[in-house]
Amino acid sequence: MPETNRKYLLAKRPEGKPDPDTFELVEEDVPEPGPGEVLVRTLYLSVDPYMRGRMDDRESYADPWAVGDPLQAGVVGEVVESNGTEFDAGDVVTGNLEWADYATARGSDLQAVNPDLGPVSTALGVLGMPGRTAYFGTREVAEPKAGDTFVVTGAAGAVGSVAGQIAKRSGARVVGFAGSDEKVAFLEDELGFDAGINYKDIDDYAAALDEAAPNGVDSYFDNVGGPITDAVFSKLNVDARVAVCGQISMYNAEEIPTGPRKLGKLIESRASVEGFLVGDFAPRFETATRQLAEWVAADEIRYRETVTEGLESAPDAFLGLFEGENIGKQLVKVGERDE
């Protein structure tokens, strides 16, 4: 084990879109686990859009980082040393840890990863937070039914790609918005979506919906917000259900733009709109993971991972989320498991 540990700090608060100067890579001694703690060597590090909000000094559902704080993320890692916990050296665990080669954590804050369910990286994707977000957001908030038209934005991302497939299992017609022809092909050819829309190639989202969803929209899973959501709202059918999961189109906005006023449409459609956080469903995470693992094993849910190599690439991987560079789950591979 090396004597030094690299980790990233929040160097400054970004104004608008973050840039490389937002991040500071420092080196320090490898930490030692205190009582009830383990030392974890990072194997995979997740980067997720919600982290952008933690870089601002404002109230949100996730506490902001202070300037100079270590950045944190979902991590899959290998236990190197355990100090009075249920874990042993060599165990694979997941939890919210620092962007670092090594980190300590309380054993009670970590969960064991079962490698028999799939590659350990999936604990940060289809079998982790994104998969569970799609599972609960689709089944219990958006609630697509057979014969419905289900629309999802950010459809080629970690959450949207799984949400669309779950909706397809319910018998719905599934339409996904994505940001390239390659992503549209991924949705239609690999995941079985009925239609994909490359939003970067069109100016009139409403017209594109008229073609892809000629019977209107019954169920909408919103990861993006902005003008696409304005267009979807104009197509909502009576008793439509809207699950608001993310608003990535506005995460870097210095001023939130004023769009069309949507509430009047809700009177006409009697639609329900519900924001949700996956943490609200924490008592049932194991149920969701078990079901997702069964679908993946049966090739009924497919997934893709975009993996960049090396801790030093983490800032670029994060910034790439806002350019739509990833298909499926964006991960940073930091280390290899000991054999």
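Me: Leaving aside its neighbours within four places in sequence, with which residues is Thr-149 in contact?

Reply: This is a predicted model, in which local features need pLDDT of at least 70 and side-chain atom pairs count only at pLDDT 80 or more, while totals for chains, interfaces and linings use all residues. Residues are numbered from 1 along each chain as its sequence is written, and side-chain values use heavy atoms, with hydrogens and water left out. Contact means heavy atoms within 4.5 Å. On that basis, Thr-149 is in contact with Arg-173, Val-175, Ala-213, Gly-216, Val-217, Asp-218 and Ser-219.

Me: Where is Thr-149 placed, and is Thr-149 buried or exposed?

Reply: Helices (H or I, at least four residues) and strands (E, at least two) are DSSP runs, numbered from the N terminus. Thr-149 belongs to strand β8, residues 149-152. A residue is buried under 20% relative accessible area, exposed over 50% and partly exposed in between, with a 1.4 Å probe and protein chains only. Thr-149 has a relative accessibility of 5% and therefore counts as buried.

Me: How many helices and strands are in the protein?

Reply: The protein has nine helices and 15 strands. The radius of gyration is taken over C-alpha atoms, and the globule rule is 2.2 Å times the number of residues to the power 0.38. The radius of gyration here is 20 Å, close to the 20 Å given by the rule for 339 residues, so the protein is as compact as a globular protein of that length. Of the 339 residues, 53% count as buried. Among contacts between residues at least 6 apart in sequence, 69% join residues at least 24 apart.

Me: Which residues in the largest nonpolar core touch the most other members?

Reply: In soluble globular proteins, nonpolar side chains tend to be buried together. A nonpolar core is a set of buried Ala, Val, Leu, Ile, Met, Phe, Trp, Tyr and Cys residues joined through side-chain atoms within 4.5 Å. The largest such core has 34 residues, of which Tyr-135, Phe-150, Ile-166, Leu-187, Phe-193, Phe-221 and Leu-292 touch the most other members. At least two residues of this core come from each of α2 (129-142), β8, α3 (158-169), β9 (173-178), α4 (181-190) and α8 (285-297). A second, separate core of 30 residues includes Leu-45, Ala-73, Val-332 and Val-334.

Me: Where is the place of Gly-225, and what is Gly-225 in contact with beyond its neighbours within four places in sequence?

Reply: Gly-225 sits in the loop between β11 (217-222) and α6 (226-233). With 1% relative accessibility, Gly-225 counts as buried. Beyond its neighbours within four places in sequence, Gly-225 is in contact with Gly-246, Gln-247 and Ser-249.

Me: What is the phi of Asp-239, and what is that of Asp-299?

Reply: Asp-239 has a positive phi of about 65° although it is not a glycine. Asp-239 lies in strand β12, residues 236-244, and is partly exposed, with a relative accessible area of 48%. Asp-299 has a positive phi near 60° and is likewise a residue other than glycine. Asp-299 is found in the loop between α8 and β14 (305-309), and at 45% relative accessibility Asp-299 counts as partly exposed.
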